[in-house]
Amino acid sequence: MKRELSKAAAMRSTYAITSVLLFLVAPVFGQIPDTFSNLKVLPADISKQELVSTMRSFAMGLGVRCEFCHVGEPGQPLSSFDFASDEKSAKQTARTMMEMVQQINSGYLSKISGHSASLQVSCVTCHRKQSKPSMLENIIAVTAEEVSTEAAIQKYRDLREKYYGGFSYDFSDGVLNDAAQILLETKNYEGAIALLKLNLEFYPENVASYYFLGEAYATDGNKELAIQNFERVLSLQPNNRRAKNRIEALKQ
Ligand code: HEC
Ligand code: HEC
């Protein structure tokens, strides 16, 4: 592969992290080899400092440790790692990702008129500290479909406990409603209703949750509970026309 200076510069701006972070990893710096034998994407003349800073940004971006991509035992000194080995498929995927990120930044974004060089895509842009970047609503809906409603509820609670306040997952008030919508599309009323109730546990005044509960009960043939939930919408939003219409229609 051709290695030009401009490529090295692009790499630098894509992956560079502050020297403060390098200072933090100083104790392990000495355990990492000084020369590299199997670089296929990074420039061959990359300095050790830059390589380590790039690797740190990969690990932080994906919320993983070095052994996610490299052969080595967790908890063991990095000097025992075989960093040059391509044995782990994650390392090979990472190379594809590096090329993809380069293409996005220098191939596509740079074509946009008025593009600012400070607006670059990097691993963390998509990964948000997850190795497989998934949206919370999809994780919850897929767990409900493939495992069970209870498992989906537990998954939400566990993720919320662990990640709330971070940026890996969006815990704002609309996400469980979105997951419920996905389940409604597959006619999984029981699952959708459970997720909407879960949302109300965290966001008791969520109008959309009550509205979707009304819809879910109505479609599932439970008129009484449907009306009750549309009435909750009206108690929170007295002028909500859609809820009014739904109640009128259900009462006929
Ligand atoms: C997400 C995957 C990933 C993570 C996590 C990761 N690396 Fe890497 N690493 C790579 C890839 C891919 C290459 C090869 C880059 C290339 O081909 O240009 C590489 C190459 C290296 C090399 C050069 C090996 C050689 O001789 O060619 C070293 C040293 C290294 N990584 C150290 C680390 C350290 C230390 C960590 C933890 C802080 C780490 N890596 C975390 C993917 C990763
Ligand atoms: C445009 C969004 C995007 C960017 C930017 C991105 N990734 Fe990914 N990455 C994904 C998606 C989506 C997947 C899941 C692909 C799949 O499983 O089919 C993924 C999967 C991976 C995996 C496999 C994880 C596993 O559990 O097997 C690795 C490793 C990885 N990415 C590394 C990186 C690295 C390193 C960077 C930065 C150089 C990066 N990614 C940048 C979207 C992105």
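The space taken by ligand 1 is the largest pocket of this predicted model. By pocket I mean, on a 1 Å grid over the protein atoms alone, an open set of points where a 1.4 Å probe fits, with protein on both sides within 12 Å along at least five of seven lines. A molecule sits in a pocket if more than half of its atoms lie within 2 Å of its grid points.

Before I continue, residues are numbered from 1 along each chain as its sequence is written, while chains are lettered from A and ligands numbered from 1 in the order in which they are written. As the model is predicted, local features need pLDDT of at least 70 and side-chain atom pairs count only at pLDDT 80 or more, whereas totals for chains, interfaces and linings use all residues; side-chain values use heavy atoms, without hydrogens and water.

Around ligand 1 there are 23 residues, the closest being Met 55, Cys 66, Cys 69, His 70 and Arg 95; a residue counts here if one of its heavy atoms lies within 4 Å of the molecule. Which backbone atoms approach the oxygen atoms of ligand 1? A polar backbone atom of Ser 37 is 2.9 Å from an oxygen atom of the ligand. For Lys 40, a backbone N or O atom lies 2.7 Å from a ligand oxygen, and for Leu 42 the distance is 2.7 Å. These are polar contacts, that is, pairs of N or O atoms within 3.5 Å.

I turn to ligand 2, whose space is the second largest pocket. Helix 4 (48–62), helix 5 (89–108) and helix 6 (123–127) each give two or more residues to its shell, and helix 5 has the largest share, six residues. In total 18 residues surround ligand 2, with Met 97, Cys 123, Cys 126, His 127 and Lys 132 the closest. A polar side-chain atom of His 127 lies 2.8 Å from a ligand nitrogen, and a side-chain N or O atom of Lys 132 is 3.0 Å from a ligand oxygen. Helix 4 and helix 5 also each supply at least two residues to the shell of ligand 1.

Finally, the overall fold. The protein has 13 helices and zero strands, where helices (H or I, at least four residues) and strands (E, at least two) are DSSP runs numbered from the N terminus. Of its 252 residues, 40% count as buried, meaning under 20% relative accessible area with a 1.4 Å probe, protein chains only.

Methods:
Polar contact = N/O pair within 3.5 Å; in protein donor to acceptor, adjacent residues only side chain to side chain. 1 Å grid on protein atoms, 1.4 Å probe; cavity = no way out; pocket = protein on both sides within 12 Å on 5 of 7 lines; lining within 4 Å. Buried < 20%, exposed > 50% of the residue type's maximum accessible area, 1.4 Å probe, protein only.
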